[in-house]
Structure formats: structure tokens, C-alpha cells
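Here is a briefing on one structure. Please keep the sequence and the coordinates open while reading.

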Amino acid sequence: MIAYVIRRVFQSFVVLLVVGLVAFSMFRFVGDPIDNMLGQERTQADVERLRTTLGLDQPFPVQYAKFLANAAQGNFGVSYRQGRPVATIISERAPATLELALVSGTLALVVGIGLGVFTAIRRNGVASNVIMTTSLIGVSLPTFLIGILLIYVFSVSLGWLPSFGRGETTQIGGWSTGFLTASGLKALILPSITLGLYQMTLIMRLVRSEMLEVLRQDYIRFARARGLRERSVNFRHALKNTMVPVITVVGLQLGAIIAFAIITETVFQWPGVGLLFINAIQFVDIPVMAAYLMLISVMFVGINLIVDLLYFAIDPRLRIDGRHA
Amino acid sequence: MSDAAHEPSRLAKMLDSDFAYKFRTSPVAMVSTAVTLLLVLAAIFAPLIAPLDPFNPASLNLMNGFTPPSTPNQFTGESFLLGTDDQGRDVYSTILYGMRISLFVGFAAVAFAMVLGISLGLIAGYVGGWTETIIMRIADVQLTFPSILVAMLITGVAKGFTPVEYRDSMAIIVLIVAIGLSDWVQFARVVRGSTLVEKNKEYVQAARLIGRSPFTIMLKHILPNVLSPVLVIATISLALAIIAEATLSFLGVGAPPTQPSLGTLIRIGQGYLYSGEWWILFFPAVTLLALALAVNLLGDWLRDALNPKLR
Amino acid sequence: MSQPVLSVRDLIVEIPTRHGLLKPVDGVSYDISPGEILGVVGESGAGKSMTGNAVIGLLDRPARIASGGIYLNGERIDNLSLAQLRRYRGKQIGMVFQDPLTSLNPLLPIGDQLTETIQEHLGVSGGEAHNRAVAALDEVGIPAAKERIGSYPHEFSGGMRQRVVIALALCAEPSLLIADEPTTALDVSVQAQITSLLKRLCRERGMAVMLVTHDMGVIAETADRVAVMYAGKLAELGPVREVITSPRHPYTDGLMGSTPLASKGKRRLHQIPGNMPRLGQLPDGCAFHPRCPYTQDRCKADPGPRLKTCDGRAACWFPLDGAQAAKGVA
Amino acid sequence: MLRLTTVSALAMAIAMPAAAAEFRWAGTTDPQTMDPHAVNSAPVLGFLNNVYEGLVRRGKDMAIEPALATSWEPIGDGEGWRFTLREGVTFHDGSAFTAEDVIFSYQRASSEEADTSSWFAPVSDVKMVDDFTVDVLTNAPNPIFPDSIANWMIMDSGWAAANGAERPAKDAENHATLNTNGTAAFKLVERQPGLKTVLEPFDGWWGTPEHNVTRAEFTPIQNPATAVAALLSGDVDMINPVPIQDAGRMAAAGNAKVIQGIEARVIMLGFPHQADELKYTSDAGKPNPFKDVRVRQAVAHAVNVPAILQTIMRGNAEPASQLVSPAMRGYSESLSRRPDFDPDKARALLAEAGYGDGFSFGLKCPNDRYLNDEAVCQAVTGMLAQVGITAELDAMPVQNYWPELREDNYDMYLLGWSPGTFDAEHPIRFLATTPNEEKKLGSWNFGDFSNERVDTLLPLMQSEIDDAKRQAYIDEATKILQDEVAYVPLYVQPLVWGTGANIELTQRPDNFFILRWVTVN
């Protein structure tokens with residue numbers, strides 16, 4: 001199993017390098033940072049000088065190699081826009097995104113699995129059909145529209161919830177949290193619903209179809225034939241088996257939450273890394289973009305790895321195979 | 001049995017199948033198919049139905065801008081069924097034409113993803129070995145990034161590589177490729193899975209033994225067996241592609257404003273949400289919702305009706 | 001004879017479809033006494049599994065019991081609510097399915113699956129349940145039961161798994177065991193072990209066993225009586241020996257003719273011409289008449305007689321006597 | 001902390017009359033830095049005007065008024081300017097303001113690392129006469145010098161030295177990036193880049209406060225629709241800008257007000273004056289029609305500016321006839337008439353130029369730089385199509401836009417220009433003079449418009465002290481630009497701010513938000 005993990009980590013590392021190269025090669029198409037950094041009255045000489053200072057005159061593989069060399073030492077460079085170390089900026093912004101992702105991920109997981117199980121057990125019930133059909137509306141609405149709609153209804157028309165930002169945050173060490181104040185919690189509601197809704201419907205539909213599949217299995221019939229309670233059959237026997245295939249997708253979906261946060265954070269001006277990234281694109285803040293993409297890939301690769309390891313925890317069949325792998 | 005003349009026709013057989021029966025007895029399937037068909041037809045025949053051609057700038061009168069639905073314009077006195085946008089374009093016409101682009105991009109992207117995914121999936125499953133490892137690794141890597149981000153990257157890179165003078169005309173093609181490339185993994189995975197199963201079945205082994213070429217085997221024996229999951233994925237992907245196109249266009253990296261898709265229309269309309277011109281956002285959004293919902297419902301129903309095991 | 005453990009009376013199971021009402025089980029009646037093994041035999045689709053599922057209340061929708069009665073130790077159980085029925089399952093009626101590979105939850109150790117069943121029905125403590133689980137495994141012949149109780153299903157071979165399944169079905173000491181093709185998925189060598197295990201348990205516990213199979217050979221070696229089903233109906237019911245040596249129903253005769261049986265010695269095997277019709281396409285008259293070598297006009301017009309109305313053995317207008325059977329389908 | 005917010009929220013709910021209050025505002029962009037010399041951009045300078053002060057400042061009407069200098073006068077015959085400094089001024093940290101800080105701030109702001117160094121191009125030296133007198137010597141007579149340094153902010157030399165921030169840091173961080181020590185009415189108490197920036201009134205300010213703000217919090221909200229939602233739901237007290245289309249409705253909403261003014265920015269169409277061929281569409285490679293003045297005139301007549309203003313700008317903008325708005329110094333009153341909307345004349349001009357059958361070309365346009373820029377370009381496309389010339393529009397984010405223009409990738413483009421000096425000379429220098437890298441001339445003249453007379457007029461207007469003569473030079477240049485249709489000025493971009501109904505403030509035409517003019521009722 002250790003060999004397996006080592007192999008996966010190594011593969012992940014290669015993936016990271018490739019992703020980084022692709023992402024980095026893209027930067028030069030985003031635009032030119034120089035114009036944003038120099039004022040209206042800049043001269044061509046200023047432009048050339050700054051270009052050289054930033055190393056932008058070099059071919060991008062060279063830039064990438066330099067970036068990697070620095071990144072390996074934890075140095076992601078200095079933001080063109082803010083003139084501050086990228087690592088600092090990202091660590092300031094990360095709590096906002098992680099808290100948002102945590103809440104919406106939990107929401108998506110709990111509600112998604114709950115409703116998925118419900119609709120699978122009550123397969124032909126009226127409530128299930130209503131839930132299934134409404135869930136499709138959730139999948140059919142682009143995230144940005146949902147966000148706009150929620151703001152319009154709950155902030156502007158009803159005035160119940162804040163329309164943007166994190167509200168009041170509390171600083172605990174290097175972590176700024178919105179969980180400890182009323183306004184921080186209120187500010188979390190709309191963005192996390194917006195962000196979580198799509199994943200929720202996805203998880204729900206997946207859990208439902210997997211669970212229906214499992215409920216057709218012989219061991220479920222056998223469990224029923226042994227006179228076990230429905231609750232035990234559904235949750236002890238069926239749900240656990242449902243989780244095996246669900247975990248991969250759910251893992252990836254939770255990762256996707258962080259990426260999709262870009263759109264939600266833009267709509268709600270949520271001061272997380274997603275908004276930072278969008279701003280960085282607009283400003284062609286290459287160090288921030290590069291660091292963000294690397295961070296996201298590290299996270300995805302990490303999630304993938306965790307998902308693989310979770311398989312071992314859940315499915316005893318793999319533990320045997322894993323030992324030999 | 002002896003009377004071959006009374007052998008039911010193919011069509012009759014099809015209409016009598018369980019599938020057709022399930023279809024006829026499911027109101028959801030009927031309605032969603034009807035809505036999808038209606039919207040697709042409306043998009044195809046947009047030039048015949050639409051009162052105005054929104055792509056012809058010469059036909060526009062700016063003074064018609066912001067005319068509310070079915071109300072005469074205060075300057076020109078003209079009236080439009082669903083009102084006009086900021087440029088004085090008839091919203092009804094722009095929706096018809098916008099849907100054309102959205103659907104074209106959607107269908108083309110799914111077709112692209114399908115061809116790519118099925119081919120790679122078949123090859124990976126059938127050939128195995130290193131080929132398989134490489135293909136599925138690429139798929140894994142791509143899966144680690146959400147499709148919308150992949151599409152954004154591809155659009156960005158493509159924009160950079162396209163010579164400036166072709167950029168606008170290429171925008172739609174780039175969009176198709178970007179969405180298609182971000183979506184092929186699903187197909188590849190399912191096809192590969194089924195291929196692995198089918199490959200070892202006796203009839204395929206038999207076909208191999210009698211010396212059929214791998215290509216023929218894949219095409220004639222394996223492919224038909226994976227068609228129903230592929231059909232379901234394709235339907236669901238169509239809805240996803242339409243939404244992805246809308247999202248990309250909403251973010252401003254999709255269809256150009258001179259050829260607005262539904263997403264572009266929503267992006268434009270969003271700016272008028274608080275100013276009272278609700279119709280500029282509302283009608284395209286409802287159309288997008290109706291389209292995506294109908295296709296999704298259809299896909300969902302197909303999944304239940306054909307019941308392929310989808311992972 | 002003591003009171004039968006299971007009595008099935010005129011059982012009809014219906015499936016409504018767009019082609020009309022199908023009756024996969026149509027007017028079936030039989031009893032099983034304690035310590036007796038009733039073999040239910042027939043081609044696939046004859047309604048034998050459906051009968052077993054109906055008894056334990058596990059019919060898949062839209063199939064439903066339309067009429068008739070099922071009595072367990074004299075109590076009627078076909079009209080019970082799901083919650084009431086659940087108390088009978090496992091406790092009074094055990095069931096074993098065809099494929100031991102898929103019958104066990106792959107994610108739970110077999111011990112857990114045993115103890116949860118024991119605790120559910122016998123209301124004993126965890127420790128006691130554990131002991132009984134070990135005992136149950138012991139009883140079905142799992143070596144080193146104590147050590148293996150924590151193992152997962154995939155760690156057992158096919159035959160061992162079926163033993164585990166049987167242990168699971170019997171761990172709450174039911175009076176009736178329904179074994180649905182318990183040996184079909186197993187290697188031939190293992191098959192015999194499992195059938196003899198079933199036989200042993202039946203005798204030791206005085207349990208009634210309903211053995212559903214398509215394999216006449218298994219019936220011949222295991223069952224006391226046999227019920228032959230064709231197209232949802234009982235074709236013949238009687239003691240195994242009699243049915244095998246002198247079948248009265250032409251279908252049974254055909255079935256015997258196509259089965260290699262040690263007891264019958266060397267002879268040519270015959271095929272029954274044609275296939276069993278699909279339920280939606282049953283012919284008028286006796287369902288077997290298109291394939292029957294002895295068909296007469298009445299068979300085409302009138303549905304086959306009920307067993308009761310006949311001699312209680314074969315549901316046939318013109319049952320065979322021993323001499324005819326010997327000639328067979330020449 | 002929590003209790004505190006609740007209390008202040010309660011206080012606001014009860015709406016205590018004219019009580020001191022907390023004020024929250026939002027803008028599209030976060031100031032990149034808190035260093036007044038590191039970045040020469042409107043968001044930075046506008047924000048820092050609340051924290052730092054210059055020798056002079058602009059009043060509510062944009063007129064120059066004394067700030068850290070109480071008076072100023074020319075030295076000799078245009079050798080420079082002498083500034084008399086205000087006494088008794090202290091920085092936020094309590095240290096005293098003297099001429100030394102002015103010299104330091106000159107050195108800092110004109111250093112190579114500073115983005116503001118071009119302001120000091122005409123300056124040869126700055127000399128300390130005594131503790132409260134400073135001489136600024138110029139290379140040539142410079143009548144508008146005091147006007148040009150309203151954004152030159154004075155930083156405490158001692159504080160900068162103590163914190164190692166003697167020079168601005170453009171691509172790295174230093175103490176002055178996140179901290180300030182100015183003399184203005186507000187001091188910085190919290191700075192979280194991109195998240196929020198908090199100011200509090202400076203008790204030791206030399207002036208008399210006109211505001212009643214006790215704490216002010218700035219949040220960048222990039223999406224204008226979100227900002228409108230935030231204002232309407234009471235989450236912020238002021239937003240800048242308000243999307244033009246929302247202005248009317250917001251004013252009617254009751255809980256918000258709209259404050260409108262005319263900004264200094266003129267929106268115009270630009271042409272390639274030197275290119276030989278068209279670069280886009282099927283006509284790419286054909287001779288460049290825009291070299292012909294009649295074609296440029298035709299464009300000017302084809303664009304229906306009143307219609308654009310009526311619909312897209314919702315009646316919130318004024319048409320423009322020249323490169324500056326009437327509010328700017330040096331505006332040519334006599335040349336205030338812009339070409340009429342006259343499609344027939346446009347068609348006639350095109351026919352005369354030999355383009356009776358029209359042609360097609362590529363129009364470049366930003367989509368996030370100016371108010372409704374993309375919509376305006378679309379409208380222009382439609383209007384040009386009606387006189388027979390087909391524009392293919394390519395709209396893009398501004399970070400891609402400037403490189404495209406710089407590489408001459410356009411057949412026509414949209415440009416907005418706001419003169420940093422509030423003077424008509426500014427656009428002539430940047431947009432209309434023959435590009436000359438060495439002399440820093442015509443650096444935004446993408447189309448390489450070149451006219452000898454305009455080139456000669458520029459130095460004349462730069463050094464002429466006499467207002468009437470100077471105006472004559474400017475008028476002459478403006479006339480040439482109009483006749484040659486160097487650009488087609490369309491309109492002056494409006495300035496639209498939104499505030500809560502209980503807020504009183506003053507909007508300055510340079511779009512700077514000055515906190516010390518805010519009253520929360």
C-alpha cells in the first residue's frame with residue numbers, strides 16, 4: 001500500500017508539472033501586465049525597462065523554469081498589482097474561500113446524500129418525483145444566474161441578507177474567520193447556497209442512481225429476506241455500498257467547488273482566492289495567476305489522492321489487492 | 001410465420017418496443033421532447049420566423065432601444081413582442097438567433113466530445129497496455145480540472161494562437177473545441193469500461209479468432225453495445241454544453257457580441273436587472289432554462305428508460 | 001401427518017403489463033411438512049422462483065399476489081403488512097439465493113452480517129449473538145469458524161460463501177427454508193456438498209425446505225417430493241421416486257427424458273420440441289399442448305385441469321400411465 | 001467587536017440626526033498601493049487624496065486652492081515657482097511638516113522608481129529657501145505648473161527613512177505600500193489589500209472638518225450590479241460608479257440617490273492615419289480608406305451621437321466637439337459645434353472619395369474600460385452600416401486592448417481620454433502630436449496622426465504665460481484637428497455616483513471621492 005501511495009504521489013507530481021506548464025504558457029495570451037503597471041504618461045523606455053525587470057522578455061519556458069525553481073522554495077514571487085508577496089496574499093485570501101467551500105461542500109454533501117437516499121428509497125413517491133424534477137432546474141440554471149437571482153430576492157427586495165462580502169470577520173492567528181459573528185454567518189448563506197446548489201443536485205442524482213443500483217443487488221434482497229429492518233437495510237447495507245462509487249465523483253465535485261468559487265466569488269464579491277484570480281486575470285498579475293493555478297492543481301491532486309485512499313478505508317476488497325500492488 | 005408479407009416493418013417494430021411504450025406513457029418524456037424539438041426547430045428556422053435579422057447592423061435603429069415588450073416605442077412608435085435591448089434589437093429575434101448559436105455550439109461540442117471520447121475509449125479499452133495508460137492518465141489529469149476552467153484555458157490559448165483577423169470568425173469554433181475537449185473524458189471512461197467487459201465476451205473472442213480486424217470488431221461488435229450509455233451521456237452533455245457555453249459567454253470569453261448566444265444575451269441583460277428593463281435578461285434566461293431543463297429531463301428519462309450503468 | 005409448515009393454496013401472482021395481465025404463478029397449491037424437502041422444478045420462467053418470493057413476500061413490483069393463501073404453521077401470512085411480515089423473514093422463513101458471490105454484502109465482515117440477523121430476531125446480547133454466529137458457521141461446516149468470523153465475503157471461496165449464506169439464512173432458526181437455485185452457480189463438486197448440507201440440516205432441525213431448481217438431478221438426490229411447474233401452473237406433484245420413475249404429465253415425462261439420471265441407467269436423452277411460451281403468449285387450452293406429443297382436441301380447447309380435479313398428481317386431461325411413459329417420445 | 005457593530009447598526013437604524021457616523025463606500029477597483037508615488041493611477045491618487053496632501057489641492061469646482069502651501073508665485077521671468085508652506089501642520093504620527101519633507105517628496109516622487117516622475121519632467125531643481133519656503137525651478141516657463149501638481153503628495157521624510165521607504169517600490173513591497181503617514185483629514189487605520197481599507201478622522205488636521213464621519217470603510221466591489229445591490233440593500237452608503245442604466249431607477253427607489261456630473265473623459269473614434277492597407281475582414285489588404293479625410297468626415301456625420309446619448313447613455317452625457325470637455329481649461333468655445341448627424345452627407349462624402357459601394361473594416365473596442373463602451377461600439381457599427389460601410393467589431397478586455405492598439409492591430413478604434421492636467425494641452429501632447437519617443441510626445445497617438453503646425457503649436461502653448469495668446473494657439477490646433485478629423489470626438493463620459501438617501505457629499509469632476517465633504521444624516 002505504501003508503494004501504491006508513493007507511486008500515486010509521484011504521478012501527481014508529474015501531473016502538477018504538466019498542469020503548471022500548460023497554465024503558464026497561457027499567461028502570455030491573457031494580456032500584457034505592463035500597461036496596468038505604468039501610468040498614462042509612461043514611455044516606451046519605461047515599458048522595456050519594466051519588461052526586463054520582470055523577466056517578461058524571456059521565452060516562457062525560461063520564465064516557467066524560474067517560477068518552478070522559486071516555487072519549490074515556497075517563493076511565488078511578488079504580485080504585480082499589489083507589490084506584495086503572492087504567498088502572503090494567498091494566505092490572507094484562502095480562509096475566505098475555504099470557509100465558503102467548507103459550508104457549501106457540507107451543504108451539498110449532507111443535503112445531496114440525504115435527498116439522494118430519500119429519492120432512491122421512495123423511488124416512485126410523489127415527493128421524490130417533485131424533488132427530482134426540481135433538482136433538474138438546479139442543474140439547468142447557470143451558477144451566475146442563481147447568484148444574481150438570490151441577491152435580487154433576498155438582499156435587494158427583502159433586505160434579509162447581505163448582498164456581498166463576508167461581513168464582520170474575526171482574526172484567529174493567521175486565519176480570518178466569519179464563523180464567529182452574526183454578520184459573518186449571515187453573509188455566508190447566499191454564497192454557499194449559490195456555490196453548493198449545483199454540486200448538491202449532482203451529488204443527489206448520483207447517490208440516487210447508485211443507490212437504486214445497489215438496492216437491486218442480491219445482498220440487499222438477502223438482507224431483506226433475513227428480516228432486517230428497512231433502516232438497517234437502507235443505511236447499513238445499501239448506503240455504504242452506494243458510497244464506494246459516489247466517493248470519487250463527490251471528491252472531485254468538492255474540488256470543483258473551489259474552482260467554481262471563481263464565479264460565486266465574483267457575483268458576491270467574496271474576498272477569496274477565486275476573486276483574487278479573476279482580478280489577477282484582469283490585471284494580468286502573472287505571479288498571482290500562476291500561484292493560484294498551482295494551488296488549485298495541488299488541491300485537486302491531493303483530493304484525488306485522498307479519494308483513492310478512502311477507497312481502501314471503505315472497500316475491504318481493495319485492501320487485499322492494494323497490498324500486492 | 002410463413003407469411004413474410006405480414007412481417008411488421010422496422011418502424012412498426014420500433015413503435016411497438018418497450019422503449020416506445022415507456023416513452024408514450026411518460027408525460028415528462030413527451031413534454032421535454034416536445035419542448036426540445038420546438039426550440040430546436042425554432043432555432044433552425046429562425047431566419048424564417050424572426051421578424052428581424054439581429055446580425056444585420058444596418059437594420060437596427062438605436063432609437064428603438066429599451067422598448068418594453070409589446071409596447072410602442074416612445075420615439076419611433078414601433079412595437080416588439082418581447083421588447084428590445086440596448087441596441088434596439090428585437091429581443092424575440094435575438095433569442096431565436098441566440099438559441100441557434102447556443103444549440104449549434106452545444107450539438108457540435110457534444111459531437112466532437114463524443115467522437116473523440118468514443119474513439120479514445122475504444123482504443124484504450126481494446127488495445128490496453130501503454131496506450132490505455134496514457135489515454136486514461138490524460139483523462140484523469142483533465143478530470144482534475146473542472147470543465148469550465150479547462151474551457152477557459154483553451155479559449156484563452158486559442159485566442160492567442162489565432163491570427164487576429166480570424167479571431168471573430170474563429171470564436172465559435174474555438175468555443176466548440178473548448179467545450180468538446182473539456183467533455184470527452186466522460187465518454188471515454190464509459191466506452192472503455194464497456195469495451196473491457198465486451199472484449200472478453202465470447203462473440204468478440206470469436207470474431208477475433210476468425211481474423212476480423214480490430215477496427216471491424218470495435219465498430220461492429222463493441223460499439224453497438226455501448227450506444228445506450230453513450231446516448232444518455234450525450235443528452236446530458238448537451239445540456240451541460242449549452243450551460244457551459246452560456247457561462248463562458250457570460251464571462252465574456254464566448255460568443256462575440258455581434259453574434260450573441262443566449263449566454264451573451266444574459267450577460268448583456270444582467271446589466272439591466274436593476275434598471276427596470278427586466279425583459280432583456282428575463283426572456284433569454286427563461287429560454288436558456290427551458291432549453292437546458294428540457295434536454296436534462298430528456299436525458300434523465302433516457303437514463304431511467306435505457307438504464308445503463310453510469311458512473 | 002403433522003400440520004404442514006407451509007401451505008400454499010391456489011396462489012395466483014399477477015403482473016400487470018401493457019400486454020395485459022400476466023400470471024407467472026397461476027393457481028398453485030402444495031404443502032411442505034416438517035423435515036420434508038419439496039423440490040420445485042421447471043424451466044426458467046415457469047414461476048418456481050416467483051412462488052418462493054411470494055412466500056417470503058419479496059415480490060418485485062409490479063408483481064403482486066392476486067388471490068390464494070399462504071399459511072405458515074397454520075397462520076395466514078400473505079395478507080400481512082410489510083412490518084409484520086418482516087418478523088417472519090429470517091425468523092420463521094430463511095432464504096438462500098442462487099449466487100453466493102452477490103448474496104453477501106461485500107463491505108461487511110460476515111460476522112457482522114450474522115450477528116445483526118441474530119440480534120434482530122432473537123433479542124440476545126452482543127456476546128451471545130457472537131457465540132451463536134460462530135456456532136452457526138460451525139454448523140454449516142466452516143472450518144476455524146472463530147477465526148474466520150471477522151473475514152470479508154471476498155476472502156471465501158464460492159462453496160464456502162454459500163455455506164455462509166446458509167448459515168445466515170438459518171441463524172435465527174427458521175422452520176422453513178426457501179433455497180432458490182442454491183447450487184446453480186457452484187462447481188459440480190461443491191454442489192453435492194451443499195445439497196447434502198441442506199439435507200442434513202433439514203433432518204437435524206426438522207425444518208421444511210423448499211428447494212427451487214431447474215436441475216432434476218439435484219431434486220432426485222435431495223427432495224422428498226417434487227412439484228413440476230410449467231408456465232405458472234403446477235404440472236405434477238408427487239413423491240420424487242414416483243414422479244421420476246413414472247411421470248404422469250407429458251411435460252414431466254419430457255423433462256425426465258432430457259435429464260441424465262443415474263437411477264434410470266443408460267438411455268437416450270430426448271429434447272422436448274420447441275420452447276416454453278412466454279407468459280404473454282400462452283396458447284388457448286393447455287399451455288403445454290403445442291409441445292405435447294399426446295395432444296388431443298380437448299387439450300387445445302380447455303385449459304389444463306387443476307391438480308385437485310384430476311387425480312391430485314398431474315394436471316393433465318390425459319395423464320400417462322407407466323407403460324406410455326416407458327415408450328416415451330419415440 | 002460584535003457588540004460594537006450591533007450598537008452602531010442600531011444607532012443607524014434609529015437614524016440619529018446629524019450624529020457622527022460610520023460611512024462605508026465601494027468602488028470598482030481597490031487602490032493598488034498606499035504609496036502615493038508608486039503608481040500613477042486614478043484609483044490610487046483619488047483614494048490617497050484623503051490621506052496625503054499636496055502643496056496645492058483642488059476644490060469642489062476643481063479650482064486650485066492652497067493646501068500645504070499657503071501661497072505661490074512665479075520666480076523671475078518664468079524660471080520657476082516659489083511656494084510658501086503652511087506652518088503648524090503635523091503628520092498623522094505627530095511629526096512636524098517642513099520644507100525638508102517637500103524636498104524629500106520631490107526626490108521620492110521624481111525618482112526612477114516612481115511612477116509619477118513624468119510630472120517633474122519640466123522641473124530642473126527644487127530648492128529649500130527656508131523651513132517654510134520652497135523654490136521649484138523649471139527648464140522653461142511653465143504657466144500651468146501649480147495646476148499640474150495637485151496630486152503630488154507630501155510624505156514625512158523622517159517616517160520614510162525610519163521605515164526604509166525612502167523610495168517607492170513598484171514591484172515589491174515596502175512599508176509605505178501598506179502604511180501611510182500623511183497630513184490630510186483622514187488617517188489609515190486598517191489596510192487589507194483587495195478586501196477593505198479603513199480610515200478614521202485625524203484629530204490634528206490643520207483644516208476645519210466639514211464632515212461628520214467617525215470611521216470610513218472602503219470595499220472594492222468589482223461587479224457594478226453587485227455594487228448597486230449593495231447600495232440598494234443598505235450594505236454600503238456610496239458607490240462609484242453607478243451603471244448608467246440604473247441611475248434613473250435608483251433615483252426613484254427612495255432609499256438611494258444618484259449624483260451626476262460630467263467627467264473629464266472624452267470618448268472618441270481613432271483612425272490609422274499612416275497605414276497603407278486595411279487589416280481586417282474580406283477587404284484586408286485593400287488601400288486604407290481612412291487616409292482620405294472625406295472618409296473620416298463621413299464617419300463623423302454617420303454616427304448619430306444624440307441617439308447614443310439618448311438610449312445607451314440615458315441622457316446622462318454631453319456630446320463632444322473636441323478632445324476636451326467644456327469644463328477643462330483651454331476649451332475652445334468657438335469650436336463647440338460637432339459635425340451633424342447626416343447620413344446622406346456621409347454617403348455623399350464616401351461616394352466622392354470613391355467608396356460609393358462601401359467597404360468593410362475592423363473596429364476595435366474595449367469592453368470593460370469606459371461606461372458601456374461595447375454597447376457604444378455596437379451602435380456605431382450599426383450606424384456605419386446604414387451609410388454602407390461595414391465594421392466588424394472586436395471587443396476585448398482592456399488588458400488585451402492596449403497591446404493590440406500599440407501593435408496597430410485595428411482599422412478604427414475607440415478611445416477615451418481624460419487630461420490629467422485638466423488642460424486642453426494634455427490631449428494635444430499625447431494624442432495629436434507626431435509620436436516622438438525621445439521627447440515623450442504623442443505616446444498615445446496610436447494612429448500616428450501628424451501635422452506640422454500642430455507640432456509647432458504644442459511648445460508654444462506649453463510656455464505661453466498670457467492666457468489669451470495661449471488660448472489662440474489651442475484654438476488653432478483644435479481647429480486643425482477638427483478639419484482633419486484626426487479623431488471623431490463622440491461625447492463626454494458622465495460621472496454617476498450613488499449614495500444612500502441620508503448621505504450628502506460633493507462630487508468632483510475628476511471622479512475623486514473626497515471623504516472630508518461627506519455628511520451622514
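The notes below go from the chain contacts to single chains, their helices and their sheets.

This is a predicted model. There are 5 pairs of chains in contact, and the pair with the most contacts is A and D. Chain B is a helical chain with 13 helices and 0 strands. Chain C holds an open sheet of 6 strands with mixed pairing, and chain D has an open sheet of 4 strands with antiparallel pairing.

**Chain contacts**

- Chains A and D share the most contacts among the 5 touching pairs.
- Chains C and D have no contact with each other. Their closest C-alpha atoms are 48 Å apart.

**Chain B: confidence and make-up**

- The mean pLDDT of chain B is 79. A value of 70 or more is reached by 84% of its residues.
- Residues 1-5 of chain B fall below 50 in pLDDT.
- From the N terminus, the elements of chain B read α-α-α-α-α-α-α-α-α-α-α-α-α.
- Chain B has 311 residues, and 51% of them are buried.
- Among contacts in chain B with a separation of 6 or more, 69% join residues 24 or more positions apart.

**A closer look at B:Thr25**

- B:Thr25 belongs to helix H2 (residues 18-25) of chain B.
- Is B:Thr25 buried or exposed? B:Thr25 is exposed, because 10 other C-beta atoms lie within 10 Å, and the cut-off for exposed is 12 or fewer.

**Helix packing in chain A**

- Helix H5 (residues 86-121) and helix H10 (residues 230-268) of chain A cross at roughly 145 degrees. Their axes come within 10 Å.
- The crossing of H5(A) and H10(A) is right-handed.
- On the H5(A) side, the contact includes A:Leu100, A:Ala101, A:Ser104 and A:Gly105. On the H10(A) side, the residues include A:Val250, A:Leu254, A:Ile257 and A:Ile258.
- By class, the contact of H5(A) with H10(A) counts 11 nonpolar, 4 polar and no charged residues.

**Helix packing in chain D**

- Helix H14 (residues 425-432) and helix H15 (residues 452-463) of chain D pack at about 145 degrees. Their axes are 10 Å apart.
- The crossing of H14(D) and H15(D) is left-handed.
- H14(D) contributes D:Glu425, D:Ile428, D:Arg429 and D:Ala432. H15(D) contributes D:Val454, D:Leu458, D:Met461 and D:Gln462.
- The contact of H14(D) with H15(D) has 5 nonpolar, 1 polar and 2 charged residues.

**The sheet of chain D**

- The strand order of this open sheet is E4-E5-E7-E6.
- Strand E4 (69-75) and strand E6 (123-130) of chain D are the edges, each pairing on one side only.
- Neighbouring strands of the sheet are turned by 20 degrees on average, direction ignored.
- E4(D) pairs with strand E5 (residues 80-85) of chain D in the antiparallel sense, over 6 bridges. D:Trp72 has D:Phe83 of E5(D) as its bridge partner.
- Helix H3 (residues 99-109) of chain D packs on the sheet and touches E5, E6 and strand E7 (133-138). The direction of H3 makes about 165 degrees with that of E6(D).

**The sheet of chain C**

- Its strands are ordered E6-E7-E8-E3-E9-E10.
- The edges are strand E6 (93-96) and E10 of chain C.
- The twist averages 15 degrees from one strand to the next.
- Strand E7 (residues 176-180) and strand E8 (residues 208-213) of chain C pair in the parallel sense over 5 bridges. C:Leu177 stands opposite C:Val209 in E8(C).
- Helix H1 (residues 48-56) of chain C lies across strand E3 (37-41), E6, E7, E8 and E9. H1 runs at about 145 degrees to E7(C).
- Helix H11 (residues 250-257) of chain C touches E9 and E10, at about 105 degrees to the direction of E9(C).

- Strand E9 (residues 225-230) of chain C runs antiparallel to E10(C), joined by 6 bridges.
- C:Ala227 faces C:Leu237 of E10(C) across the pairing.
- The hairpin has 2 residues between its strands, and C:Ala231 takes a positive phi near 50 degrees.
- Strand E10 (residues 233-239) of chain C is mostly covered, with 6 of its 7 residues buried.

Terms used
Residues numbered from 1 in each chain as written. Chains lettered and ligands numbered in written order. Predicted model: local features only at pLDDT ≥ 70, side-chain atom pairs only at ≥ 80, totals over all residues. Contact = placed C-beta atoms within 7 Å. pLDDT = per-residue confidence, 0-100. Buried ≥ 20, exposed ≤ 12 C-beta atoms within 10 Å, placed from the backbone. Axes fitted to C-alpha atoms, helices over the stretch in contact; angles between N-to-C directions. Left-handed = near helix turned anticlockwise from the far one by under 90°. Nonpolar A, V, L, I, M, F, W, Y, C, P; charged D, E, K, R; others polar. Pairing = 2+ DSSP bridges.
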